[in-house]
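User: I would like to learn how to read a few local features of a protein model, beginning with the backbone. Could you take me through them one at a time?

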Amino acid sequence: MTLRVLSVASEAVPLVKTGGLADVAGALPAALAPHGVALTTILPGYPAVVAALKRAKAVHAWTDLLGEEARLLAGKIAGHPLLVLDAPHLFQRDGSPYGDAQGRDWEDNWRRFAAFGRAAADVAGGAVKGLAFDLIHAHDWQAGMALAYNRFAPVSAPLPGVMTIHNMAFQGYYDARIFRGLGLPKAAWAMDGVESYGGVGFLKAGLQAADAITTVSPSYAAEIRLPEFGMGLEGLIANRGGDVTGILNGIDAAEWNPASDPALARTYSAKTLAARKANKRALEAEFGLTKDDGPLFIVVSRLTWQKGMDVLPEVLDHLVGLGGRLALLGSGDGAIERELHRAAARHPGRIGVRIGYDEALSHRMQGGGDAILVPSRFEPCGLTQLYGLAYGCVPVVARTGGLADTVIDANVAALAAGVATGVQFSGVDYPAFAQAISRTIALYADKPAWKRVQANGMAGDFSWGPSGKAYAALYKRLIEARS
Ligand SMILES: Nc1ncnc2c1ncn2[C@@H]1O[C@H](COP(=O)(O)OP(=O)(O)O[C@H]2O[C@H](CO)[C@@H](O)[C@H](O)[C@H]2O)[C@@H](O)[C@H]1O
């Protein structure tokens, strides 16, 4: 029997992406199809999403979705079923999905994502003729309210629900005054409901309403029980004990495969690593870097504290001093951007900085860089190190969360056993990070060892196979427990 699951997400490739959540939400339908799960994705109707749905059919209309009219459009995303909440007063805006062009969050985000949650709960509960579901899978705080409505104000018998945490740092926390606007019964205003530290917490509401909680790596699932990583919700996570598991993200091999990637100057495989040189030369030219055979580091990241990007500028003199170069693509914190520009000005031809978001360039960087730096303070899973592994761009990562789970440090024992895939370091500060860069540059100088580390990474299985199976088994267990 096919299981019918509604995946509730605020972004999904190829239609809308601000970060890793979009990669995962976009990959899940194909990952689950082989395991007897038909996954339908529901997205907010941002301009790009509605524009992509050519001749979409409206399959439902609300006259009063939290006080306004809205429609539900049906279409396809990468060949899989897609539903879109078309509510122009909430989602037809310039800027990003969450804020204006200056990066300020929309003031009515609570209303936007409460309406999205209400709509998703209605759809999952059978409000739309011809659509029926067995389970709701909600991703991050933007989808948390879908599970809260399903629990406290369902349109039919509540469905089982899974809440996946892609990043505990974003919780959708609002003033208590918004509670009245949510249209929930009074009973929802409780510590085990939507109340969170005196306000309303969308992620917390989802976690409390979920039958199972997952996050995107086993290590992060353990870390969020601690105050350092739990961001105030560690008590809840610890209490839910056995309901909390970590399922590692995979990567979409159709998008991220160096043997067929159309973004690359030269495609290659582990057997033809020498072909990477053409990509390296192209990358040097693109970033205005000197052409040489020394190590070329790359960074593709949001420029934030989470990602350790405030420490990066501090280690760049050291990196260049040892003969390294850096090509960086990212955007975020203005102070970090300024420090990076300063470092680039100090080291012309050695450091190239590109502020912005550019998907194709991120592929070219993985295909031409020698090593990717990922010094995150916390990292639920992390995708750029996985892309690095698949592309022979050796990851240099902080030992935390999914980074700890996916990279094997090139210590003496791992090198001797021939299993190393990258470099790990503990503690995101100058001494640890600088030492990791020194180790990487020394390893790079040992050509046979370096090639082995590249090839080991490329031989790894980062497909969605095992994780697709794990999600399907979880859905099945929860659905069976209800029937
Ligand atoms: N300037 C730029 N130009 C082009 N592409 C850029 C870019 N900046 C970032 N990217 C891309 O955006 C994605 C970032 O994904 P990550 O998983 O590394 O982090 P993020 O914090 O967004 O995701 C959160 O959710 C994911 C999914 O579960 C978790 O892996 C992660 O740990 C968690 O923090 C990657 O595909 C990367 O290539």
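Analyst: Let us begin with Asp140, which is placed in helix H5; please keep in mind that this is a predicted model.

User: What is the phi of Asp140?

Analyst: As a general idea, most residues other than glycine have a negative phi, and most peptide bonds are trans. Asp140, although it is not a glycine, has a positive phi of about 60°. As for peptide bonds, the one that joins Val13 and Pro14 is cis, with omega at about 5°, and Pro14 belongs to the loop between strand E1 (3-8) and helix H1 (20-32).

User: How do helix H5 and helix H6 pack, and at what angle?

Analyst: Two packed helices are described by the angle between their axes and by the distance between the axes. Here H5 (residues 140-152) and H6 (residues 202-209) pack at an angle of about 45°, and their axes are 7 Å apart. That angle makes H5 oblique to H6, and H5 passes H6 in a left-handed crossing. Among the residues that make the contact are Asp140, Trp141 and Met145 of H5, together with Phe202, Leu203 and Gln208 of H6; by class, the contact has 8 nonpolar, 3 polar and 2 charged residues.

User: Which residues come nearest to the ligand?

Analyst: Of the 29 residues around the ligand, those that come nearest are His166, Arg302, Gly356, Glu379 and Gly382. A polar backbone atom of Gly356 is 2.8 Å from a nitrogen atom of the ligand, and a polar backbone atom of Asp358 is 3.0 Å from a nitrogen atom of the ligand. For Gly382, a backbone N or O atom lies 2.8 Å from an oxygen atom of the ligand.

Methods: Residues are numbered from 1 along each chain as its sequence is written. This is a predicted model: local features need pLDDT of at least 70, side-chain atom pairs count only at pLDDT 80 or more; totals for chains, interfaces and linings use all residues. Side-chain values use heavy atoms; hydrogens and water are left out. Axes are lines fitted to C-alpha atoms, for helices over the stretch in contact, and angles run from 0 to 180 degrees between N-to-C directions. Helices (H or I, at least four residues) and strands (E, at least two) are DSSP runs, numbered from the N terminus. Angles under 35 degrees count as roughly parallel, over 145 as roughly antiparallel, 65 to 115 as roughly perpendicular and the rest as oblique. A crossing is left-handed if the near helix is turned anticlockwise from the far one by less than a right angle, and right-handed if clockwise. Contact means heavy atoms within 4.5 Å. Ala, Val, Leu, Ile, Met, Phe, Trp, Tyr, Cys and Pro count as nonpolar, Asp, Glu, Lys and Arg as charged, and the others, Gly among them, as polar. A residue is near a molecule or strand if one of its heavy atoms lies within 4 Å of it. A polar contact is a pair of N or O atoms within 3.5 Å; within protein, one must be able to donate a hydrogen and the other to accept it, and residues adjacent in sequence count only if both atoms are side-chain atoms.
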